[in-house]
Amino acid sequence: MRTGLQQTTGLRQELKVNPRLYQAMDLLYMPLLDLQQHLKQELLTNPFLELVEPEDEDDDSADNEDSPEPQDLTEPEASAEAEPEKTGDDDVDWEAVLLDGFETGGAREETEQRDYIEPVTVATTDLADYLGEQLALLDLSPRQQFLAEEFVGNINDDGYLACPLEEIRSAVNERLLSEAESRDIQGDIPLFGEDEVLAMLRVLQDLDPPGVGARDLRECLLLQLRAAGQQASLAHRLVEEAFEELIGHRWSELAKRYGISAQDVQGAADEIAKLDPKPGLRYSAGSDNYIIPDLVVEKIDGHYHIFLNDGNLPRLKLSRTYQDLARDKKRFDAESKDFIASKLNSANWMIQAIEQRRQTMLKVMHYIVDRQRDFFEKGVQALRPLTLREVAEAVGMHESTVSRVTNEKFVQTPRGVLPLKFFFSSGLATADGDDVSARGIKDQIEKLVSGEDPRNPLTDQAIVEILQETGVQIARRTVAKYRDQLGVLPARMRKRV
């Protein structure tokens, strides 16, 4: 077999995606707040983009002459090659202005109003801080304080101890030896033993909130019952001695075991249900999530109208002044011309991409409203099945494009602020040949369970029969799946005696 380098010729087909198409898809994917920040950044870095001022809106005809025609984003304009008009002002170094005057760190005169930024809290007290404040009030030796810090560092947001005691003891002893070495302390260093670690755990579990420092749910409940002075109660006894039977709702078995009535067992279980299974969450530093809808649906004179909620979005236009300057190519060298052409094309494309994003979102939302009109009129039970593919075929787009339009987007409707994904769900057939949304079926199941007799709860098969009477063809295992997704317990565990 001969080895060596050879040259061959051949033909093949390749699909190459324009980089700007990737950027267009990113713009389509961005929620409103992200898009707002992106456009503000573009205004800082591109000299050919500027904000549409209120006085400019009165001169639409003049703006339309300079605005680009809508085009396919996959083939943006290459450059603007029209011959310029002389602008005068020969004493001004326009090349320096274009190349150096629009850097992000440069001193740019601000003509637009500054956005109002709502003041928010920059520091909050979390669970670790709260526990540390309580430990500081205790009469602990430096050695105990050292061990307590290790414990607090291993408490998770739920308030539970996140690792075994042996791991904590090993970690704190390593820290102790490391600090002794860094301070050049000679002699034997007394390490922490199991008794010291266990004693500190008891100290930690006596802190507020009750249940903090527990190693499992059972211990968490016991700590809360003891903090409430209920060590002698039936609830404490059930949690301590028969926890598995308790969470299995085996009331009759527990009643026989302790020689009491099933009602007494159920009453104790109700008291236990009032305890907090995650006591640390009330002190967790959770961030506030604000939702700004991207679209608005309003009912006006019996008709549903759709609006884009982009009033706070920067409106962009091409700068007429710098377009005129860019046409005078005799003032610039080759490198400057390339820079100017790329920035002008980028600005031109950005305006087109924003407009195409608006039209795409409106087109998709119009179809959703037409398809789900019964939902807006009657509620969740009238929600119809809908898939991304169905919307894509109806509006003439690819399925992935529709997915980007609906991802992390919200719409304000007469029935509340909803994610666009809310309107998409699988469907089930009915007796008359229509389809019903799976989300509507879940709503029906939830209402049936909430209105059932607690002494004789509805089984999955009973729910199937009730739904079939309304024309919905559904299997028992599907009802069980939907019930689990709703967090509804089986009939046996919902039964009251």
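A residue counts as buried when its relative accessible area is under 20%. By that cut-off, 38% of the 497 residues of this protein are buried. The model is a predicted one. The protein has 22 helices and 8 strands. Of the contacts with a separation of 6 or more, 67% join residues 24 or more positions apart.

**The largest nonpolar core**

- The largest nonpolar core has 28 residues.
- Within this core, Leu295, Val297, Met365 and Phe423 touch the most other members.
- Two strands, β2 (295-300) and β3 (303-308), each give two or more residues to the core.
- The helices α15 (334-371), α16 (373-378), α17 (388-395) and α18 (399-406) also give two or more residues each.
- The top contributor is α15, with 6 residues.
- What does Leu295 touch, leaving aside its neighbours within four places in sequence? Its contacts include Ile306, Phe307, Leu308 and Asn309. Met361, Leu362 and Met365 are also among them.

- Two packed helices are described by the angle between their axes and the distance between the axes.
- Helix α19 (residues 438-450) packs with helix α21 (residues 476-485) at an angle of about 75 degrees.
- The axes of α19 and α21 are 10 Å apart.
- Angles of 65 to 115 degrees count as roughly perpendicular, and α19 and α21 are therefore roughly perpendicular to each other.
- From α19, the contact uses Ala438, Ile441, Lys442 and Ile445.
- From α21, the contact uses Val479, Tyr482 and Gln485.
- By class, the contact of α19 with α21 has 5 nonpolar, 1 polar and 1 charged residues.

- Arg494 is found in helix α22 (residues 491-494).
- Is Arg494 buried or exposed? Arg494 is buried, because its relative accessible area is 13%, under the 20% cut-off.
- The side chain of Arg494 reaches the backbone oxygen of Leu489 at 2.4 Å.
- Not counting residues up to four places away in sequence, Arg494 touches Val449, Glu452, Pro454, Pro457, Leu458, Arg483, Val488 and Leu489.
- Ala491 is placed in helix α22 too.
- Ala491 also counts as buried, because its relative accessibility is 14%.
- Along the chain, Ala491 and Leu458 are 33 residues apart, yet their C-alpha atoms are separated by 6.0 Å.
- Leaving aside neighbours within four places in sequence, Ala491 is in contact with Pro457, Leu458 and Thr459.

- Glu241 is found in helix α10 (residues 234-241).
- Glu241 has a relative accessible area of 42%, so Glu241 is partly exposed.
- Beyond its neighbours within four places in sequence, Glu241 is in contact with Arg257 and Tyr258.
- A polar contact of 3.0 Å joins the side chains of Glu241 and Tyr258.
- Gln144 lies in helix α6 (residues 142-153).
- At 35% relative accessibility, Gln144 is partly exposed.
- A polar atom of the Gln144 side chain lies 3.0 Å from the backbone nitrogen of Ser141.
- Not counting residues up to four places away in sequence, Gln144 touches Asp139 and Met200.

**Backbone details in the loops**

- Where is Pro209? Pro209 is in the loop between α8 (194-205) and α9 (217-227).
- The peptide bond from Asp208 to Pro209 is cis, with omega near 5 degrees.
- His249 is found in the loop between α11 (243-247) and α12 (251-258).
- His249 is not a glycine, but has a positive phi of about 55 degrees.
- Glu408 has its place in the loop between α18 and β5 (410-413).
- Glu408 is not a glycine either, and has a positive phi of about 55 degrees.
- Glu408 is partly exposed, because its relative accessible area is 46%, between the cut-offs of 20% and 50%.

Terms used
Residues numbered from 1 in each chain as written. Predicted model: local features only at pLDDT ≥ 70, side-chain atom pairs only at ≥ 80, totals over all residues. Heavy atoms only, no water. Core = buried A, V, L, I, M, F, W, Y, C linked by side-chain atoms within 4.5 Å. Buried < 20%, exposed > 50% of the residue type's maximum accessible area, 1.4 Å probe, protein only. Helix = DSSP H or I, 4+ residues; strand = E, 2+ residues; numbered from the N terminus. Contact = heavy atoms within 4.5 Å. Polar contact = N/O pair within 3.5 Å; in protein donor to acceptor, adjacent residues only side chain to side chain. Axes fitted to C-alpha atoms, helices over the stretch in contact; angles between N-to-C directions. Parallel < 35°, antiparallel > 145°, perpendicular 65-115°, else oblique. Nonpolar A, V, L, I, M, F, W, Y, C, P; charged D, E, K, R; others polar.
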